[in-house]
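Below is a walk through one structure, from its strand pairing to a single loop residue and then to a part of its surface. The sequence and the coordinates come first.

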Amino acid sequence: SSIAIPNSVTSIGICAFEDCTGLTEVTIGENVATIGSEAFWGCTGLTSITIPNSVTSIGERAFADCTGLTEVTIGENVATIGQSAFNGCTGLTSITIPNSVTSIGESAFWDCTGLTEIVIPDNVTSLGGYAFNGCTGLTSVTIGNSVTSIGDRAFYGCTGLTSITIPNSVTSIGGEAFYGCTGLTSGSIGNSVTSIGDRAFYQCTGLTSITLGNGVTSIGSYAFNSSKFSNIYVNDIAAICNGVWSALPRASVVNLYYKDELATELVIPDSITAIGNNAFQNCTGLTEIVIGSKVSTIGEYAFSGCTELTNITISNSITSIGKSAFKNCTISNIYFDDIAAICNGAWSALPRASAVNLYYKDELVTELVIPDSITAIGNNAFQNCTGLTSITLGNSVTSISSNAFSGCTGLTTVTFNA
């Protein structure tokens, strides 16, 4: 049967047509402003609905479980889509959310398994929890540039999604927001995101590429469990140096992209004071790294597994280097602009090739003068610097630590200035 709601009607009341399973067609009058909660809940015979421009709000569960509904046209003045408004509309394949919408309620499209594409317009600021939970048919989602938060389980179990871009407007990603999105292969985290909830991308087993936002300050438990990242993209080196990303699971070979270019030579800028745990772990394409003059700490495993890393420029600002920071690296070229840097005992664990070239201000060093400002030469400071032929020790040097000149096979002259 069909029904036409006349223009004299301004609102459709709560439960007005609930469970009218024989209702196949509804024409909504052009003066209706609100569609009440559960107004058409369970009208399984409805196949399409046009919501006129007069409507400003769609109530909670207004069209929930209308399983026969395949197409919905929403008027251009609707501001809110209520909680569970289209929950369980499994036949729904097409819906356009107009620019007038500012909020999408919790569970609004839960289990709309027929939806394949959704565009969240730029005026939407709030995306409720469970909003698209279980929409297994979704392959494409565009999140508008005004959304500030993605609710808990918003896209839980959307197994058809292959990529997701979180815009810069978003500040938080809720717990389990993309849990079980097994089809996801790539994700981009906007620079305004500060928190990623517990298990936000849990069981996203296909997720291998990620763009790191530089605003993240907290990542919840198991946020990326079961993912293995082989491609990491950054537009700001500060993002990857941020220790908050230390638990990001990585493949045995990781490609690092800086501004979309594969990074082989990387400069840590002077604005960075610390390199976090695991920051560049397994970035096998890195061959050269310049440590900025303000970096004081290098975290555990920071460059572990960077098997092609052979060149490093060191700074004297380093006070601590964490466990296995350069594990499986073999450094053959060391650059410095301040002799105090290489005499600094903090660099004692830097793994070296059997023959190391030492460069002072980009010049290969064969004759080295330790200035009077240096009082101690740290462990392994000049180990395996086979090109050194002579050393002059300043008159302030009081200690030379273990293996400081071990392996300097070309060293024939040592001068002590007493």
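**Strand order, a loop residue and a surface patch**

Ten strands, 10 in number, make up an open sheet with parallel pairing, and their order is β2-β4-β6-β8-β10-β12-β14-β16-β18-β20. The two edge strands are β2 (11-12) and β20 (218-219), each of which pairs on one side only. The model that shows this arrangement is predicted.

Strand β6 (residues 57-58) pairs with strand β8 (residues 80-81) in the parallel sense, over two bridges. Here I58 stands opposite I81 in β8.

The next stop is a loop. E38 lies between β4 (34-35) and β5 (48-50), in the loop that joins them. Is E38 buried or exposed? Its relative accessibility is 14%, and buried means under 20% relative accessible area, so E38 counts as buried. Which residues does E38 touch, leaving aside those up to four places away in sequence? They are C15, A16, E18, E60, R61 and A62.

I400, V414 and F416 make a nonpolar surface patch of about 300 Å². The relative accessible area of V414 is 42%, which lies between the limits of 20% for buried and 50% for exposed, so V414 is partly exposed. Patches are made of residues with over 30% relative accessible area, and V414 has 42%.

Key
Residues numbered from 1 in each chain as written. Predicted model: local features only at pLDDT ≥ 70, side-chain atom pairs only at ≥ 80, totals over all residues. Heavy atoms only, no water. Helix = DSSP H or I, 4+ residues; strand = E, 2+ residues; numbered from the N terminus. Buried < 20%, exposed > 50% of the residue type's maximum accessible area, 1.4 Å probe, protein only. Contact = heavy atoms within 4.5 Å. Pairing = 2+ DSSP bridges. Patch = residues over 30% accessible without salt bridge, like charges linked within 9 Å, V, L, I, M, F, W, Y side chains within 5 Å. Areas by Shrake-Rupley, 256 points an atom, 1.4 Å probe, with all protein chains shown as cover. Salt bridge = Lys/Arg side-chain N within 4 Å of Asp/Glu carboxyl O.
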